[in-house]
Amino acid sequence: MQVSTDSRETWGSKLGFVLAAAGSAIGLGNIWRFPYVLGENGGFAFLIIYVACVLLIGIPIMGAELAIGRASRRNPVGAFRELMPKSAWFLVGVVGLITGVIILSYYSVVAGWTVAYLVNSVTGVVTSHANADAAGEAFSSFVSSSGKTVLYHFVFMFLCVFVVYQGVKGGIERYSKILMPTLLALLFLLIFRAVTLPGSGEGLKFLFNPDFSKLNVDVLLMAMGQAFYSLSLGMGVMITYGSYLDRQSNLFENATTVAGLDMGIAILSGIAIFPAVFAMGFEPTAGPGLTFQVLPMVFSALPAGQILAILFFALLTIAAITSAISLLEVMVSFATDELHWTRSRATFIMAALAFILGVPSALSFGVWSDFKIFGLGFFDLSDYLTANILLPVGGIFIAIFAGWAWKRAAVEAELRDGNPQLKFFNIWIWFIRILAPVAVGAILISNLLPKG
Ligand code: PHE
(Lines give C-alpha, C1' and ligand atoms only; values in the text may rest on other atoms or scores of the structure.)
Protein backbone atom coordinates (compact mmCIF):
# COMPACT_ATOMS: atom_id res chain seq x y z
CA MET A 1 0.00 0.00 0.00
CA GLN A 2 1.25 3.43 -0.87
CA VAL A 3 1.19 5.36 2.36
CA SER A 4 0.79 9.04 1.79
CA THR A 5 4.07 10.42 3.02
CA ASP A 6 3.79 13.21 0.47
CA SER A 7 2.06 15.47 2.93
CA ARG A 8 5.08 15.29 5.22
CA GLU A 9 6.50 18.68 5.96
CA THR A 10 9.91 19.61 4.61
CA TRP A 11 12.35 22.32 5.69
CA GLY A 12 11.75 25.62 3.94
CA SER A 13 15.40 26.07 3.04
CA LYS A 14 18.81 24.54 3.37
CA LEU A 15 19.81 27.22 5.84
CA GLY A 16 16.69 26.48 7.88
CA PHE A 17 17.66 22.84 8.23
CA VAL A 18 21.28 23.63 9.06
CA LEU A 19 20.27 26.10 11.77
CA ALA A 20 17.72 23.71 13.26
CA ALA A 21 20.13 20.77 13.28
CA ALA A 22 22.99 22.89 14.59
CA GLY A 23 20.54 24.22 17.17
CA SER A 24 19.94 20.67 18.32
CA ALA A 25 23.65 19.93 18.54
CA ILE A 26 24.62 23.21 20.20
CA GLY A 27 23.30 23.05 23.73
CA LEU A 28 24.15 22.91 27.39
CA GLY A 29 26.73 20.28 26.44
CA ASN A 30 28.74 22.80 24.44
CA ILE A 31 28.58 25.85 26.60
CA TRP A 32 29.50 24.62 30.00
CA ARG A 33 30.60 21.02 29.67
CA PHE A 34 32.95 21.19 26.71
CA PRO A 35 35.20 24.05 27.88
CA TYR A 36 35.73 22.46 31.24
CA VAL A 37 36.36 18.95 29.94
CA LEU A 38 38.81 20.36 27.42
CA GLY A 39 40.69 22.37 29.99
CA GLU A 40 40.99 19.50 32.42
CA ASN A 41 42.04 16.92 29.85
CA GLY A 42 45.09 18.39 28.28
CA GLY A 43 43.69 21.50 26.58
CA PHE A 44 44.83 21.57 23.00
CA ALA A 45 45.79 17.90 23.09
CA PHE A 46 42.20 17.01 24.01
CA LEU A 47 40.95 19.30 21.29
CA ILE A 48 42.89 17.40 18.64
CA ILE A 49 41.41 14.09 19.79
CA TYR A 50 37.93 15.58 20.05
CA VAL A 51 38.13 16.91 16.50
CA ALA A 52 39.34 13.51 15.29
CA CYS A 53 36.36 11.83 17.01
CA VAL A 54 33.92 14.24 15.40
CA LEU A 55 35.49 13.73 11.97
CA LEU A 56 36.00 9.96 12.09
CA ILE A 57 32.94 8.85 14.07
CA GLY A 58 30.54 11.75 14.52
CA ILE A 59 30.15 12.92 10.94
CA PRO A 60 29.88 9.37 9.49
CA ILE A 61 27.14 8.46 11.99
CA MET A 62 25.34 11.72 11.38
CA GLY A 63 25.43 10.93 7.65
CA ALA A 64 23.91 7.53 8.39
CA GLU A 65 21.14 9.02 10.54
CA LEU A 66 20.25 11.65 7.95
CA ALA A 67 20.18 8.97 5.22
CA ILE A 68 17.93 6.69 7.29
CA GLY A 69 15.59 9.60 7.95
CA ARG A 70 15.39 10.90 4.43
CA ALA A 71 15.06 7.47 2.80
CA SER A 72 12.16 6.50 5.05
CA ARG A 73 10.62 9.92 5.71
CA ARG A 74 9.64 8.65 9.10
CA ASN A 75 10.24 9.03 12.81
CA PRO A 76 12.97 6.72 14.20
CA VAL A 77 10.62 3.81 14.92
CA GLY A 78 8.82 4.05 11.59
CA ALA A 79 12.11 4.58 9.75
CA PHE A 80 13.55 1.19 10.66
CA ARG A 81 10.18 -0.45 10.05
CA GLU A 82 9.98 1.12 6.61
CA LEU A 83 13.53 0.24 5.56
CA MET A 84 13.62 -3.25 7.09
CA PRO A 85 10.04 -4.47 7.48
CA LYS A 86 9.28 -7.52 9.61
CA SER A 87 12.51 -7.29 11.55
CA ALA A 88 13.45 -6.31 15.07
CA TRP A 89 15.35 -3.20 13.87
CA PHE A 90 12.46 -0.93 14.87
CA LEU A 91 13.55 -1.59 18.46
CA VAL A 92 16.53 0.71 17.84
CA GLY A 93 13.97 3.44 17.25
CA VAL A 94 12.04 2.48 20.36
CA VAL A 95 15.18 2.70 22.49
CA GLY A 96 15.91 6.05 20.84
CA LEU A 97 12.49 7.36 21.84
CA ILE A 98 12.95 6.24 25.42
CA THR A 99 16.40 7.82 25.50
CA GLY A 100 14.95 11.03 24.13
CA VAL A 101 12.22 11.33 26.72
CA ILE A 102 14.70 10.72 29.54
CA ILE A 103 17.21 13.27 28.20
CA LEU A 104 14.44 15.83 27.70
CA SER A 105 13.18 15.27 31.25
CA TYR A 106 16.42 16.22 33.01
CA TYR A 107 17.64 18.61 30.33
CA SER A 108 14.54 20.69 30.97
CA VAL A 109 15.39 20.79 34.68
CA VAL A 110 18.84 22.33 34.07
CA ALA A 111 17.40 24.54 31.36
CA GLY A 112 14.84 25.66 33.96
CA TRP A 113 17.66 26.71 36.29
CA THR A 114 19.05 28.70 33.38
CA VAL A 115 15.73 30.48 32.85
CA ALA A 116 15.59 31.23 36.58
CA TYR A 117 19.11 32.66 36.46
CA LEU A 118 18.13 34.74 33.45
CA VAL A 119 15.20 36.17 35.39
CA ASN A 120 17.39 36.73 38.44
CA SER A 121 20.01 38.45 36.30
CA VAL A 122 17.42 40.89 35.10
CA THR A 123 16.34 41.63 38.67
CA GLY A 124 20.00 41.91 39.71
CA VAL A 125 20.00 39.07 42.25
CA VAL A 126 22.57 37.00 40.37
CA THR A 127 25.21 39.71 40.48
CA SER A 128 24.46 40.81 44.04
CA HIS A 129 26.45 38.21 45.97
CA ALA A 130 29.30 39.48 48.09
CA ASN A 131 31.57 36.49 47.70
CA ALA A 132 31.90 33.02 46.21
CA ASP A 133 30.37 31.35 49.26
CA ALA A 134 27.28 33.48 49.04
CA ALA A 135 26.89 32.68 45.33
CA GLY A 136 27.32 28.99 46.09
CA GLU A 137 24.76 29.12 48.85
CA ALA A 138 22.27 30.92 46.65
CA PHE A 139 22.69 28.17 44.08
CA SER A 140 22.25 25.34 46.61
CA SER A 141 19.23 26.93 48.16
CA PHE A 142 17.70 27.49 44.73
CA VAL A 143 18.18 23.92 43.44
CA SER A 144 16.86 22.46 46.66
CA SER A 145 13.66 24.51 46.63
CA SER A 146 11.12 22.14 45.08
CA GLY A 147 8.55 24.76 44.15
CA LYS A 148 10.89 27.01 42.19
CA THR A 149 12.78 24.34 40.29
CA VAL A 150 9.61 22.52 39.28
CA LEU A 151 8.01 25.79 38.24
CA TYR A 152 10.95 26.74 36.01
CA HIS A 153 11.11 23.21 34.63
CA PHE A 154 7.47 23.72 33.67
CA VAL A 155 8.13 27.15 32.17
CA PHE A 156 10.95 25.80 30.04
CA MET A 157 8.90 22.83 28.82
CA PHE A 158 6.11 25.23 27.97
CA LEU A 159 8.50 27.25 25.78
CA CYS A 160 9.40 24.06 23.91
CA VAL A 161 5.74 23.19 23.41
CA PHE A 162 5.12 26.69 22.10
CA VAL A 163 7.74 26.18 19.36
CA VAL A 164 7.11 22.54 18.46
CA TYR A 165 3.35 22.66 18.20
CA GLN A 166 3.69 25.26 15.44
CA GLY A 167 5.27 22.62 13.21
CA VAL A 168 8.57 21.94 11.53
CA LYS A 169 8.70 24.91 9.19
CA GLY A 170 6.48 27.31 11.11
CA GLY A 171 7.88 26.43 14.52
CA ILE A 172 11.26 24.71 14.72
CA GLU A 173 12.73 26.24 11.59
CA ARG A 174 11.26 29.68 12.14
CA TYR A 175 12.55 29.99 15.70
CA SER A 176 15.92 28.41 14.90
CA LYS A 177 16.41 31.08 12.25
CA ILE A 178 15.87 33.76 14.88
CA LEU A 179 17.53 32.12 17.86
CA MET A 180 20.73 30.76 16.32
CA PRO A 181 21.98 34.08 14.89
CA THR A 182 21.06 35.68 18.24
CA LEU A 183 23.10 33.02 20.00
CA LEU A 184 26.10 33.78 17.80
CA ALA A 185 25.79 37.52 18.38
CA LEU A 186 25.57 37.05 22.17
CA LEU A 187 28.55 34.74 22.13
CA PHE A 188 30.68 37.22 20.21
CA LEU A 189 29.76 40.01 22.61
CA LEU A 190 30.81 37.86 25.55
CA ILE A 191 34.04 36.82 23.83
CA PHE A 192 34.90 40.43 23.10
CA ARG A 193 34.40 41.32 26.76
CA ALA A 194 36.34 38.30 28.00
CA VAL A 195 39.45 38.62 25.85
CA THR A 196 39.80 42.35 26.40
CA LEU A 197 40.08 41.93 30.17
CA PRO A 198 43.54 42.33 31.64
CA GLY A 199 44.85 38.90 32.61
CA SER A 200 42.65 37.05 30.15
CA GLY A 201 45.68 35.40 28.57
CA GLU A 202 45.83 32.89 31.43
CA GLY A 203 42.39 31.62 30.47
CA LEU A 204 43.38 31.16 26.86
CA LYS A 205 46.48 29.32 28.01
CA PHE A 206 44.34 27.05 30.17
CA LEU A 207 42.28 26.22 27.09
CA PHE A 208 44.91 25.93 24.43
CA ASN A 209 48.08 24.84 26.14
CA PRO A 210 48.89 21.46 24.60
CA ASP A 211 49.60 19.20 27.55
CA PHE A 212 50.16 15.80 25.97
CA SER A 213 51.10 14.27 29.31
CA LYS A 214 47.41 14.24 30.27
CA LEU A 215 46.48 11.99 27.37
CA ASN A 216 45.39 8.46 28.21
CA VAL A 217 42.64 6.02 27.31
CA ASP A 218 40.15 7.74 29.60
CA VAL A 219 40.70 11.04 27.86
CA LEU A 220 40.17 9.39 24.51
CA LEU A 221 36.90 7.93 25.73
CA MET A 222 35.83 11.26 27.23
CA ALA A 223 36.41 12.92 23.88
CA MET A 224 34.34 10.32 22.08
CA GLY A 225 31.49 10.52 24.58
CA GLN A 226 31.48 14.29 24.38
CA ALA A 227 31.41 14.17 20.57
CA PHE A 228 28.42 11.86 20.65
CA TYR A 229 26.36 13.80 23.14
CA SER A 230 27.25 17.14 21.66
CA LEU A 231 26.28 16.16 18.12
CA SER A 232 22.88 14.81 19.30
CA LEU A 233 23.69 11.38 17.88
CA GLY A 234 22.50 7.91 18.77
CA MET A 235 18.80 8.43 19.50
CA GLY A 236 17.25 9.55 16.26
CA VAL A 237 17.23 13.36 16.38
CA MET A 238 19.12 13.38 13.09
CA ILE A 239 16.87 10.63 11.68
CA THR A 240 13.86 12.80 12.46
CA TYR A 241 15.38 16.03 11.17
CA GLY A 242 16.66 14.13 8.11
CA SER A 243 13.13 12.91 7.40
CA TYR A 244 12.14 16.51 6.63
CA LEU A 245 14.96 16.97 4.08
CA ASP A 246 14.26 17.08 0.36
CA ARG A 247 16.03 14.96 -2.23
CA GLN A 248 18.18 17.85 -3.43
CA SER A 249 20.01 18.07 -0.11
CA ASN A 250 23.58 16.89 0.10
CA LEU A 251 23.61 14.77 3.26
CA PHE A 252 27.38 14.61 3.80
CA GLU A 253 27.71 18.32 3.27
CA ASN A 254 24.91 18.96 5.77
CA ALA A 255 26.43 16.64 8.35
CA THR A 256 29.82 18.30 7.97
CA THR A 257 28.38 21.80 8.28
CA VAL A 258 26.39 20.95 11.41
CA ALA A 259 29.36 19.23 13.05
CA GLY A 260 31.62 22.14 12.14
CA LEU A 261 29.24 24.66 13.70
CA ASP A 262 28.90 22.52 16.80
CA MET A 263 32.66 22.26 17.25
CA GLY A 264 33.14 25.94 16.52
CA ILE A 265 30.60 27.03 19.14
CA ALA A 266 32.06 24.68 21.74
CA ILE A 267 35.51 26.23 21.28
CA LEU A 268 34.12 29.75 21.18
CA SER A 269 32.25 29.27 24.43
CA GLY A 270 35.51 28.21 26.05
CA ILE A 271 37.01 31.47 24.77
CA ALA A 272 34.06 33.40 26.22
CA ILE A 273 34.22 31.78 29.64
CA PHE A 274 37.78 31.03 30.73
CA PRO A 275 39.53 34.34 30.07
CA ALA A 276 36.91 36.03 32.27
CA VAL A 277 37.16 33.37 34.98
CA PHE A 278 40.95 33.69 35.13
CA ALA A 279 41.04 37.44 34.76
CA MET A 280 38.86 37.71 37.87
CA GLY A 281 41.11 35.30 39.75
CA PHE A 282 38.69 32.37 40.02
CA GLU A 283 39.45 28.71 39.61
CA PRO A 284 37.67 26.72 36.94
CA THR A 285 35.36 24.17 38.57
CA ALA A 286 33.14 21.58 36.99
CA GLY A 287 29.76 21.74 35.29
CA PRO A 288 26.86 23.34 37.12
CA GLY A 289 29.26 24.86 39.63
CA LEU A 290 31.10 26.81 36.97
CA THR A 291 27.99 28.11 35.29
CA PHE A 292 25.82 28.87 38.26
CA GLN A 293 28.33 29.74 40.98
CA VAL A 294 31.61 30.92 39.51
CA LEU A 295 30.22 32.89 36.58
CA PRO A 296 27.81 34.96 38.72
CA MET A 297 30.84 35.94 40.81
CA VAL A 298 32.81 36.80 37.69
CA PHE A 299 29.95 38.96 36.47
CA SER A 300 29.53 40.63 39.86
CA ALA A 301 33.16 41.68 39.75
CA LEU A 302 32.99 43.18 36.26
CA PRO A 303 31.79 46.60 35.24
CA ALA A 304 28.36 46.29 33.58
CA GLY A 305 28.38 42.73 34.93
CA GLN A 306 24.62 42.62 35.21
CA ILE A 307 24.29 43.09 31.47
CA LEU A 308 26.87 40.38 30.87
CA ALA A 309 24.97 38.05 33.18
CA ILE A 310 21.76 38.70 31.27
CA LEU A 311 23.51 38.07 27.96
CA PHE A 312 25.13 34.88 29.21
CA PHE A 313 22.01 33.30 30.65
CA ALA A 314 20.02 34.36 27.59
CA LEU A 315 22.65 32.60 25.49
CA LEU A 316 22.41 29.45 27.58
CA THR A 317 18.60 29.49 27.52
CA ILE A 318 18.57 29.80 23.73
CA ALA A 319 21.09 26.98 23.33
CA ALA A 320 18.97 24.79 25.60
CA ILE A 321 15.68 25.54 23.82
CA THR A 322 16.91 24.66 20.34
CA SER A 323 18.27 21.35 21.69
CA ALA A 324 15.19 20.48 23.73
CA ILE A 325 12.79 21.12 20.86
CA SER A 326 14.68 18.54 18.79
CA LEU A 327 14.17 15.99 21.55
CA LEU A 328 10.47 16.81 21.73
CA GLU A 329 10.13 16.67 17.94
CA VAL A 330 11.40 13.07 17.87
CA MET A 331 8.53 12.06 20.16
CA VAL A 332 6.01 14.21 18.33
CA SER A 333 6.96 12.77 14.94
CA PHE A 334 6.54 9.28 16.38
CA ALA A 335 3.08 10.07 17.73
CA THR A 336 1.89 11.77 14.54
CA ASP A 337 3.32 9.11 12.15
CA GLU A 338 2.59 5.95 14.10
CA LEU A 339 -0.30 6.80 16.41
CA HIS A 340 -1.90 9.27 13.97
CA TRP A 341 -2.30 11.91 16.64
CA THR A 342 -2.61 15.53 15.63
CA ARG A 343 0.53 17.60 16.12
CA SER A 344 -0.92 19.68 18.92
CA ARG A 345 -2.15 16.64 20.83
CA ALA A 346 1.19 14.88 20.32
CA THR A 347 3.13 17.92 21.46
CA PHE A 348 1.14 18.45 24.65
CA ILE A 349 1.03 14.81 25.69
CA MET A 350 4.70 14.09 24.97
CA ALA A 351 5.83 17.25 26.73
CA ALA A 352 3.64 16.36 29.70
CA LEU A 353 5.28 12.95 29.83
CA ALA A 354 8.78 14.45 29.82
CA PHE A 355 7.70 17.05 32.37
CA ILE A 356 6.40 14.42 34.79
CA LEU A 357 9.51 12.29 34.38
CA GLY A 358 11.62 15.38 35.05
CA VAL A 359 9.96 16.17 38.38
CA PRO A 360 11.91 13.54 40.37
CA SER A 361 15.09 14.87 38.71
CA ALA A 362 14.24 18.39 39.79
CA LEU A 363 13.51 17.21 43.32
CA SER A 364 16.65 15.08 43.54
CA PHE A 365 18.63 18.16 44.58
CA GLY A 366 16.29 18.85 47.47
CA VAL A 367 13.51 16.91 49.16
CA TRP A 368 14.32 13.68 47.31
CA SER A 369 18.08 13.88 47.66
CA ASP A 370 18.14 10.74 49.80
CA PHE A 371 16.40 8.65 47.19
CA LYS A 372 19.16 6.76 45.34
CA ILE A 373 19.20 4.07 42.69
CA PHE A 374 22.58 2.34 42.24
CA GLY A 375 24.01 5.06 44.44
CA LEU A 376 22.87 7.83 42.10
CA GLY A 377 20.16 10.43 42.53
CA PHE A 378 17.39 10.49 39.92
CA PHE A 379 18.98 13.35 37.98
CA ASP A 380 22.44 11.79 37.92
CA LEU A 381 20.99 8.41 37.05
CA SER A 382 19.05 9.84 34.09
CA ASP A 383 22.16 11.62 32.87
CA TYR A 384 24.45 8.64 33.33
CA LEU A 385 22.06 6.13 31.75
CA THR A 386 21.43 8.21 28.64
CA ALA A 387 24.79 9.83 27.91
CA ASN A 388 27.02 6.93 28.91
CA ILE A 389 24.93 3.93 27.93
CA LEU A 390 21.87 4.52 25.76
CA LEU A 391 23.34 7.00 23.26
CA PRO A 392 26.44 4.91 22.52
CA VAL A 393 24.33 1.75 22.22
CA GLY A 394 22.02 3.56 19.81
CA GLY A 395 25.02 4.80 17.82
CA ILE A 396 26.46 1.33 17.46
CA PHE A 397 23.19 -0.09 16.18
CA ILE A 398 22.61 2.79 13.79
CA ALA A 399 26.11 2.24 12.35
CA ILE A 400 25.58 -1.52 12.07
CA PHE A 401 22.23 -0.97 10.43
CA ALA A 402 23.55 1.47 7.83
CA GLY A 403 26.73 -0.52 7.23
CA TRP A 404 25.56 -4.11 7.28
CA ALA A 405 21.77 -4.51 7.34
CA TRP A 406 20.77 -1.91 4.80
CA LYS A 407 21.63 -2.90 1.22
CA ARG A 408 24.85 -1.24 0.17
CA ALA A 409 23.38 -0.13 -3.15
CA ALA A 410 20.39 1.42 -1.40
CA VAL A 411 22.51 3.42 1.04
CA GLU A 412 24.75 4.53 -1.77
CA ALA A 413 21.78 5.67 -3.85
CA GLU A 414 20.34 7.57 -0.88
CA LEU A 415 23.60 9.40 -0.24
CA ARG A 416 24.04 10.13 -3.94
CA ASP A 417 20.76 12.04 -4.16
CA GLY A 418 21.69 15.68 -3.88
CA ASN A 419 25.35 14.68 -4.10
CA PRO A 420 25.92 13.10 -7.52
CA GLN A 421 29.71 13.08 -7.18
CA LEU A 422 29.52 11.18 -3.89
CA LYS A 423 33.17 11.14 -2.98
CA PHE A 424 34.44 9.19 0.02
CA PHE A 425 31.60 6.62 -0.02
CA ASN A 426 34.03 3.71 0.15
CA ILE A 427 35.79 5.25 3.10
CA TRP A 428 32.52 6.13 4.82
CA ILE A 429 31.11 2.64 4.54
CA TRP A 430 34.10 1.12 6.33
CA PHE A 431 34.03 3.78 9.00
CA ILE A 432 30.40 2.87 9.57
CA ARG A 433 30.91 -0.87 9.33
CA ILE A 434 33.99 -1.27 11.49
CA LEU A 435 35.47 1.85 13.01
CA ALA A 436 32.30 3.36 14.53
CA PRO A 437 30.91 0.18 16.15
CA VAL A 438 34.31 -0.84 17.52
CA ALA A 439 35.29 2.60 18.80
CA VAL A 440 31.91 3.36 20.32
CA GLY A 441 31.79 -0.14 21.76
CA ALA A 442 35.03 0.69 23.52
CA ILE A 443 33.49 3.81 25.10
CA LEU A 444 30.59 1.77 26.31
CA ILE A 445 32.59 -1.03 27.84
CA SER A 446 34.97 1.34 29.54
CA ASN A 447 32.02 3.23 31.01
CA LEU A 448 30.57 0.03 32.41
CA LEU A 449 33.84 -1.13 33.93
CA PRO A 450 34.40 0.04 37.48
CA LYS A 451 36.76 3.00 37.54
CA GLY A 452 39.97 3.21 39.51
N1 PHE B 1 23.51 18.08 21.81
C2 PHE B 1 22.88 18.61 22.97
C3 PHE B 1 23.88 19.42 23.80
O4 PHE B 1 25.04 19.50 23.51
C5 PHE B 1 22.27 17.54 23.83
C6 PHE B 1 21.45 16.53 23.10
C7 PHE B 1 21.81 15.19 23.13
C8 PHE B 1 20.33 16.92 22.37
C9 PHE B 1 21.09 14.24 22.42
C10 PHE B 1 19.59 15.98 21.65
C11 PHE B 1 19.98 14.65 21.69
O12 PHE B 1 23.52 20.01 24.78
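**Helix packing and ligand surroundings in a predicted model**

Visitor: In which hand does helix 5 pass helix 15?

Guide: In this predicted model, helix 5 passes helix 15 in a crossing that is right-handed. Helix 5 spans residues 90-122 and helix 15 spans residues 343-363. The hand of their crossing is right-handed.

Visitor: How are helix 5 and helix 15 oriented to each other?

Guide: The two axes lie 8 Å apart, and the helices pack at an angle of about 55°. Angles of 65 to 115 degrees count as roughly perpendicular and those under 35 as roughly parallel. Helix 5 and helix 15 are therefore oblique.

Visitor: Which residue classes make up the contact of helix 5 with helix 15, and how many residues fall in each?

Guide: Helix 5 contributes V101, I102, L104, S105, Y106 and V109. From helix 15 come L353, A354, L357, G358, S361 and A362. By class, the residues of this contact are nine nonpolar, three polar and no charged.

Visitor: How are helix 2 and helix 10 oriented to each other?

Guide: Helix 2 (residues 28-40) and helix 10 (residues 217-230) have axes that come within 11 Å and cross at roughly 170°. An angle over 145 degrees counts as roughly antiparallel. Helix 2 and helix 10 are therefore roughly antiparallel.

Visitor: How many charged residues does the contact of helix 2 with helix 10 have?

Guide: On the helix 2 side the contact holds G29, N30, R33, F34 and V37, which meet M222, Q226, Y229 and S230 in helix 10. The contact has four nonpolar and four polar residues, and the number of charged residues is one.

Visitor: How are helix 3 and helix 4 oriented to each other?

Guide: The axes of helix 3 (residues 44-72) and helix 4 (residues 76-83) cross at roughly 75° and come within 9 Å. In this contact, I68, A71 and S72 of helix 3 meet A79, F80, E82 and L83 of helix 4. Angles from 65 to 115 degrees form one class. Helix 3 and helix 4 are therefore roughly perpendicular.

Visitor: At what distance is a nitrogen atom of the ligand from a polar backbone atom of A25?

Guide: A25 is among the residues that come nearest to the ligand, together with G29, Y107, Y229 and S230, out of 15 around it. A ligand nitrogen atom is also 3.1 Å from a side-chain N or O atom of S232, and one is 3.3 Å from a polar backbone atom of S24. For the polar backbone atom of A25, the distance is 3.0 Å.

Note on methods
Residues are numbered from 1 along each chain as its sequence is written. This is a predicted model: local features need pLDDT of at least 70, side-chain atom pairs count only at pLDDT 80 or more; totals for chains, interfaces and linings use all residues. Side-chain values use heavy atoms; hydrogens and water are left out. Axes are lines fitted to C-alpha atoms, for helices over the stretch in contact, and angles run from 0 to 180 degrees between N-to-C directions. Helices (H or I, at least four residues) and strands (E, at least two) are DSSP runs, numbered from the N terminus. A crossing is left-handed if the near helix is turned anticlockwise from the far one by less than a right angle, and right-handed if clockwise. Contact means heavy atoms within 4.5 Å. Ala, Val, Leu, Ile, Met, Phe, Trp, Tyr, Cys and Pro count as nonpolar, Asp, Glu, Lys and Arg as charged, and the others, Gly among them, as polar. A residue is near a molecule or strand if one of its heavy atoms lies within 4 Å of it. A polar contact is a pair of N or O atoms within 3.5 Å; within protein, one must be able to donate a hydrogen and the other to accept it, and residues adjacent in sequence count only if both atoms are side-chain atoms.
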